[in-house]
Amino acid sequence: MSFQRFDISPNPAGESKRPHLSVFRFASFQSSRRPSQAPPAYSVDDAVVTRKQLHVRVLHWLRIAIASITCLVSIVIVACSAAALKTYANTHNTAEWILPLWPSTVDLRPTHALLACGIVLAVASVFYLVIALAPTPLRSDRPLNLTFTILAFLSLFMTIFTTVFAGTIDSQLSDSTQAGTLASWTCKWQGFGPVAPGRFTDICATSTAALDLVILMVVIESLSVLLAGWGWWIGAKIKREAREGKGEVTHV
């Protein structure tokens, strides 16, 4: 704001005038601010970055969900297998004059395989959750995608192998009267209720549940592998668009 002041010195006659407000004339006020400018155009690079951030967020939370489900299911598998083995350990040693509850040969390999599979899945899922949620060097896009891919293929291989291995042995010994697995031997008493010896119905239920959950994990880990492949495909597509400069604007 500028002011223009008039001369108010005494006149030649020696008379003085008191300044009046009218001697100050206010100049027109001009804003010192610059005129507003339009925001910069949404460039191709901005579109690529926005698209990348969107897909990274989606992939991140989908992987977190898969790993969390895997962890919970694997804990149940370990609990069921361990309960069946504990019950067998408490009932298979009986006196010689008592009719034995178990056959002379009990194949524990299927139950051990289920237990090992559950432990491996639990450790793998917890490991991924730690590196995905904690501030570690592996949390960047490429190392995290590589880690998830390796764990997904490892878990898928474990679940398929365990399903085939345990299911084959159970089916081979299901009709035997001299040998059996925990599941094949105890499930013969299924439907007899209180007539079934020991806790056979409980062992049958937990053993069957463990195997069914491993089969379910085959489906979940197959989804994990597809999710890992989708992550690599999205990353390659974004890099290709960034190089070619043909990205499209994506509104989030």
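How much accessible surface does the protein chain have, and what share of it belongs to carbon and sulfur atoms? The total comes to about 16300 Å², of which 65% belongs to carbon and sulfur atoms. Accessible areas were computed by the Shrake-Rupley method with a 1.4 Å probe, and for residues only the protein chains shown count as cover.

The model is predicted: local features need pLDDT of at least 70, side-chain atom pairs count only at pLDDT 80 or more, and totals for chains, interfaces and linings use all residues. Residues are numbered from 1 along each chain as its sequence is written, and side-chain values use heavy atoms, with hydrogens and water left out.

The protein chain holds five helices and four strands. Their order from the N terminus is β-β-α-β-α-α-β-α-α. Both element types are DSSP runs numbered from the N terminus (helices: H or I, at least four residues; strands: E, at least two). Of the 252 residues, 37% are buried. Buried means under 20% relative accessible area, exposed over 50%, and partly exposed in between (1.4 Å probe, protein chains only). Among contacts with a separation of 6 or more, 74% join residues 24 or more positions apart. A contact requires heavy atoms within 4.5 Å.

Helix α1 spans residues 44-91 and includes T87. Y88 lies in helix α1 as well. T87 counts as buried because its relative accessibility is 8%. Y88 is buried too, with a relative accessible area of 13%. Leaving aside residues up to four places away in sequence, T87 touches R199 and I203. With neighbours within four places likewise set aside, Y88 is in contact with W102, V106, L108, L182 and I203. Y88 and W102 are 14 residues apart along the chain, and their C-alpha atoms are separated by 8.9 Å.

Helix α5, residues 200-244, gives the most to the positive patch, with three residues. R240 is found in helix α5. At a relative accessible area of 37%, R240 is partly exposed.
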